[in-house]
Amino acid sequence: MRNAALIVVAALAAGIGLGAYAHGLNDARVDSAIGAAGAVGGLWLNALRMTVVPLLFALLVTGVGAVADAAATGRLAYRAMALFAVLIVVAAVYGVAATGAALALWPVDPNQARAFIAAAPAPEPFVAPDFAQWFAGLMPPNPIAAAAEGQVLQIVAFAIVLGFAATRLPEDLRTPFIAFHRALAEAMITIVRWVLLLAPLGVFALALTVGAQAGAGAVGVLFQYVVIVSLVTFGSVLLAFVIGVAFGRMPALRFAAASAPVWAVAFSTQSSLASLPLMVERTRDALGVAPRIAGVVLPMAVAVFRFTSPVANLAVALFVVALYGLEPSAVQIAAAIAVAFAISVGSVGLPGQVSFFASVAPICAALGAPIDLLPILLAVEVIPDIFRTLGNVTADMAATTILARDEKPAQDA
């Protein structure tokens, strides 16, 4: 997986480099070749784009069912799900605020941005509705039309309602219903994996077009993107740490000492699941959390809780918005937070590259920004992804200490 990511990064660098070299040639044959490359890249992008709506819908239906089942398993599980929801909202609000501050301190250069997005279509004009219109439009009068028109928030709302309704079905109906949507999600993931096998070719073709349009300025835009998204996501690691110390009533040095080995595993594997055994051991032995609590909460957290998902995904989407020079309204920001909240549960357990596209594309759509640049940004996601995992394992341990604080010792006997 890591070798594949490096190959994609190499394809990105080669495409940008060759495109920048061709930028000043003004050769008709070169321009024709770049146009052909753009068509190849566009075909590859469309193959990814066609999976977004069915994958999002299926993930949410099955994700809501999984969350409802987990919450029904007992008092501790119910409290854990409630805490996860609160922390995801906190993370989403932080993500919007931190990214906005970072872009205010280091604005995207308008000339570089125009050149970078020259090969991508301009977003359609958006007229922000008032609150009454926005609220009334949360539920789609026609879910099929909403899917066809890319009305992401309506799709999310319908999928969530359908998922909760499915939990009320009798066992003989609920099981095949959830199984169908799980199968649909797996089929879409399989398609995405097939498409991503051609990622070096697709990214090279798109990067060649971008390099030809933006020249060397494309490198500066990508560097700024990596720095901003990485810093914002790293901030979520610190935020999770502070939450664990403050609300878990845990001394900072003790929490840091317990977390350090887990951070090492998370950094090297970029996998919360691979870090789970050590998280359980360190939370139990170094933080003094009862085995019963650690054994219930941490597996649930790995299964349904991604603290950094809304942070990093919103950061990516807001950077795309800044590239296009858009100014999202309060309604769009609220919609983006709602979408980020929903898909933070639905996309848990997906492979990194699949998760990136399936999670960020709906948020971009909610903000009125095209998704054509996401494959280019996906190629350098390997760096911010490190901080995603670090933040997730820190938040998992923080949530466990908070829940352990109010549990009675007698319950663990």
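This is a predicted model: local features need pLDDT of at least 70, side-chain atom pairs count only at pLDDT 80 or more; totals for chains, interfaces and linings use all residues.
**Close-up views of ring pairs and a helix contact**

View 1. Residues are numbered from 1 along each chain as its sequence is written, and side-chain values use heavy atoms, with hydrogens and water left out. F241 and F255 form an edge-to-face aromatic pair, 5.3 Å centre to centre with 65 degrees between the planes (rings of Phe, Tyr and Trp, the last by its six-membered ring, pair if their centres lie within 6.5 Å; planes under 30 degrees apart count as stacked, over 60 as edge-to-face and the rest as tilted). Because F241 lies in helix 11 (residues 217-247) and F255 in helix 12 (residues 252-269), the pair ties together parts that are 14 residues apart in sequence (helices are DSSP runs of H or I with at least four residues, strands are runs of E with at least two, and both are numbered from the N terminus).

**View 2. The ring pair of F57 and F158.** A search of the whole structure finds 8 aromatic pairs. The ring centres of F57 and F158 are 5.8 Å apart and their planes stand at 20 degrees, so this pair is stacked. F57 belongs to helix 3 (residues 52-71) and F158 to helix 8 (residues 152-166), so the pair ties together parts that are 101 residues apart in sequence. F57 is buried, with a relative accessible area of 17%, whereas F158, at 30% relative accessibility, counts as partly exposed.

**View 3. The cluster of F84, F305 and F307.** Ring pairs link F84, F305 and F307 into a cluster.

**View 4. The contact of helix 2 with helix 9.** The axes of helix 2 (residues 28-49) and helix 9 (residues 171-197) come within 9 Å and cross at roughly 160 degrees (axes are lines fitted to C-alpha atoms, for helices over the stretch in contact, and angles run from 0 to 180 degrees between N-to-C directions). That makes helix 2 roughly antiparallel to helix 9 (angles under 35 degrees count as roughly parallel, over 145 as roughly antiparallel, 65 to 115 as roughly perpendicular and the rest as oblique). W44, A47 and L48 of helix 2 and V192, V195 and L196 of helix 9 make the contact (heavy atoms within 4.5 Å).

Conventions
Buried means under 20% relative accessible area, exposed over 50%, partly exposed in between (1.4 Å probe, protein chains only).
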